[in-house]
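Thank you for making the time this morning.

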Amino acid sequence: MIFFFSGTGNSRYLAQQLGKSLGDEVREMTFFTRPTGETIQDSRVVWVFPVHSWGIPKFVLDFISTVNVEAGARHFMVCSCGDDIGLTHVQWRSLMESRGWTAVAAYSVIMPNTYVLLPGFDIDSPEVAERKLEAAASRIRDVATRIHLNWEGEEVKPGSMAAIKSKVIYPFFEKFMLSPRPFGYNKSRCYGCGKCAAHCPMGNILLDNLRRPEWGTNCTMCLACYHSCPVHAVNYGSRTKNKGQYLCPLR
């Protein structure tokens with residue numbers, strides 16, 4: 001079984017390609033319903049998700065912390081990242097241990113950047129994004145082979161200052177940077193297509209009677225609403241001014 005969470009499509013693509021290579025069922029975390037007492041019965045579980053500020057997205061943490069998986073299953077982490085993951089793999093292994101699960105291996109796959117809310121952060125140029133996607137295809141095949149062979153260990157890119165990124169910046173991000181309140185839209189641009197709501201994996205956006213977006217509080221800051229707007233009407237206050245948009249072109 002492959003469980004994935006994705007906002008702009010990078011991790012969705014990753015999960016789908018792994019599913020094809022491994023022959024595993026692929027399920028989206030946000031659409032997985034769990035009747036009381038249901039247990040996932042599979043000998044292998046692959047967790048696929050994007051890295052958010054050098055850590056596991058809050059929704060993914062909550063999902064893994066509550067879903068039931070049969071004892072004896074072997075667990076793998078495959079995360080997508082723009083450049084590096086800090087100590088995300090350490091956080092994941094700690095989470096697996098807290099559930100009493102067997103964490104076999106952790107992998108990272110570099111994909112195009114999507115985070116744009118801080119100064120100096122923007123999407124990659126088209127040329128860089130294309131190179132990353134080309135390299136990712138080969139990387140995913142290698143990861144699938146290693147998972148199939150039950151290779152144990154870690155093939156990740158922590159990057160520089162990994163401890164500071166994951167132990168200082170990540171907790172700050174989780175505490176202070178997840179508010180959806182600054183989200184809004186340019187009234188002169190928005191024509192009510194509803195794509196921002198349709199792309200939100202959390203179901204956090206409702207459309208008013210004019211089909212204009214209204215954000216709720218159930219946000220994990222994936223920025224799918226911002227990146228999916230075809231007329232660049234969605235904004236996060238002034239932080240998205242002059243920033244680019246990206247949706248994974250590989251579906």
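Predicted model: local features only at pLDDT ≥ 70, side-chain atom pairs only at ≥ 80, totals over all residues.

What covers the buried residues of α1? The cover includes β1 (2-4), β2 (26-28), β3, β4 (74-81), β5 (102-110) and α4 (126-148), where contact means heavy atoms within 4.5 Å. Residues are numbered from 1 along each chain as its sequence is written, and side-chain values use heavy atoms, with hydrogens and water left out.

The helices (H or I, at least four residues) and strands (E, at least two) are DSSP runs, numbered from the N terminus. Helix α1 covers residues 10-22, and its 13 residues reach 18 Å from the first C-alpha to the last, close to the expected 18 Å, the expected span being 1.5 Å times one less than the number of residues. Among the buried residues of α1 are Tyr 13, Leu 14, Leu 18 and Leu 22; buried means under 20% relative accessible area, exposed means over 50%, and partly exposed lies in between, with a 1.4 Å probe and protein chains only. Just after this helix, Gly 23 takes a positive phi of about 75°.

Let me turn to strand β3 (residues 44-50), where Arg 44 has its place. Is Arg 44 buried or exposed? Arg 44 counts as buried because its relative accessibility is 15%. The side chain of Arg 44 is joined to that of Asp 24 by a polar contact of 2.9 Å, a term for a pair of N or O atoms within 3.5 Å in which, within protein, one must be able to donate a hydrogen and the other to accept it, residues adjacent in sequence counting only if both atoms are side-chain atoms. Leaving aside neighbours within four places in sequence, Arg 44 is also in contact with residues including Leu 22, Phe 76 and His 148.

Finally, the backbone. Most residues other than glycine have a negative phi. Leu 223, however, has a positive phi near 70°; this residue sits in the loop between β9 and α7 (224-228) and is buried, with a relative accessible area of 3%. Arg 211 also has a positive phi, near 60°, in the loop between β8 (205-207) and β9 (213-215), and is partly exposed at 42%.
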